[in-house]
Amino acid sequence: MLLRVEDLHKRYGKEEVLKGVSFSLEKGETKVIIGPSGTGKSTLLRCINRLTEPDRGRIWLEDVEITSPKVNIHRIRAQIGFVFQDFNLFTHLTALDNVRLGLMRVKGLSRQEATARAMQELARVGLADKAKAYPAELSGGQQQRVSIARALAMDPKLILFDEPTSALDPELIGEVLAVMEDLAKSGMTMLVVTHEMGFARTVADEIIFMEKGVIVEQGPPEQLFRNPKHPRTAEFLRRITDLYGGER
């Protein structure tokens, strides 16, 4: 088991955003989290990467409890990639520099080694020819692919995707989903928050439906899409499919 989340709680003021969330993720598995906005999905990802501190509960990455106060948080974050919905690229750096910066500062690679690794990952996402371009010179889809290359370059055990296509124009969504699908096929372990039901149905090994800070239902895509056990799951899937469409 690569990741285990146990009884996770998080409150902002009077609002309890996570109410005892528990699940696990196997190595090489792609798990997709769906649910209404404001239901704690992004907070859950941020807790896993320790960008947000949970109030209660425990998280393990392999055999290391990453919620322990004794853990080296920088070492943990180097093992868990995070792809944000708004790219989070340094606007004053080229695509190449955005990808290789962490390799030099965190991994301690030489500039030559970092450049070679960064170019390898840019090529993997189809952007080797954009290495010298700045974010402002790239489309939204290209910027998000640079973000994915940056995460991959660190050789993470797991990548978290927080609605990676929500900030993109509709015609650019496909290029990002194609990269993510290739990653899943290559055996990368991924935990993805998304409204892209076509991606969830075809790529996910398991889907988690969350609402109001709890996991309502989880299971294989075909089970949830064809025969959801909970009425709220069925209602959400019907509405989201009508809104966004079931295929991409």
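Is Phe82 buried or exposed, and what is its relative accessibility? At 9% relative accessibility, Phe82 counts as buried, where buried means under 20% relative accessible area, exposed means over 50%, and partly exposed lies in between, with a 1.4 Å probe and protein chains only.

1. On the basis of the note. This is a predicted model, in which local features need pLDDT of at least 70 and side-chain atom pairs count only at pLDDT 80 or more, while totals for chains, interfaces and linings use all residues. Residues are numbered from 1 along each chain as its sequence is written, and side-chain values use heavy atoms, with hydrogens and water left out.

2. On the aromatic residues. The structure holds 2 aromatic pairs, a pair being rings of Phe, Tyr or Trp (its six-membered ring) whose centres lie within 6.5 Å, with planes under 30 degrees apart called stacked, over 60 edge-to-face and the rest tilted. Phe82 and Phe84 form a stacked pair, 4.4 Å from centre to centre and with 20° between the planes. Phe84, like its partner in this pair, counts as buried, because its relative accessibility is 17%.

3. On helices H3 and H4. The axes of H3 and helix H4 (residues 111-124) come within 8 Å and cross at roughly 125°; helices (H or I, at least four residues) and strands (E, at least two) are DSSP runs numbered from the N terminus, and axes are lines fitted to C-alpha atoms, for helices over the stretch in contact, with angles running from 0 to 180 degrees between N-to-C directions. H3 and H4 are therefore oblique to each other, given that angles under 35 degrees count as roughly parallel, over 145 as roughly antiparallel, 65 to 115 as roughly perpendicular and the rest as oblique. The contact (heavy atoms within 4.5 Å) involves residues including Leu96, Val99 and Leu103 of H3 and Ala114, Ala118 and Leu122 of H4. By class, the residues of this contact divide into 9 nonpolar, 1 polar and 4 charged, where Ala, Val, Leu, Ile, Met, Phe, Trp, Tyr, Cys and Pro count as nonpolar, Asp, Glu, Lys and Arg as charged, and the others, Gly among them, as polar.

4. On helices H5 and H6. The axes of helix H5 (residues 140-153) and helix H6 (residues 170-185) come within 8 Å and cross at roughly 20°, and the two helices are therefore roughly parallel to each other. H5 passes H6 in a right-handed crossing, and among the residues in contact are Gly140, Ile148 and Leu152 of H5 together with Leu172, Val176 and Leu183 of H6. The contact of H5 with H6 has 7 nonpolar, 4 polar and 2 charged residues.

5. On two residues with positive phi. Asn88 has a positive phi of about 55° although it is not a glycine, and it lies in the loop between strand E6 (80-83) and helix H3 (95-105). Lys212 also has a positive phi of about 55° without being a glycine, and its place is the loop between strand E9 (206-211) and strand E10 (214-219). Asn88 is partly exposed, with a relative accessible area of 37%, whereas Lys212 is exposed, with 63%.

6. On Gln79. Gln79 belongs to helix H2 (residues 73-79) and counts as buried because its relative accessibility is 19%. Leaving aside neighbours within four places in sequence, Gln79 is in contact with Leu61, Pro156, Lys157 and Leu158.

Terms used: Left-handed = near helix turned anticlockwise from the far one by under 90°.
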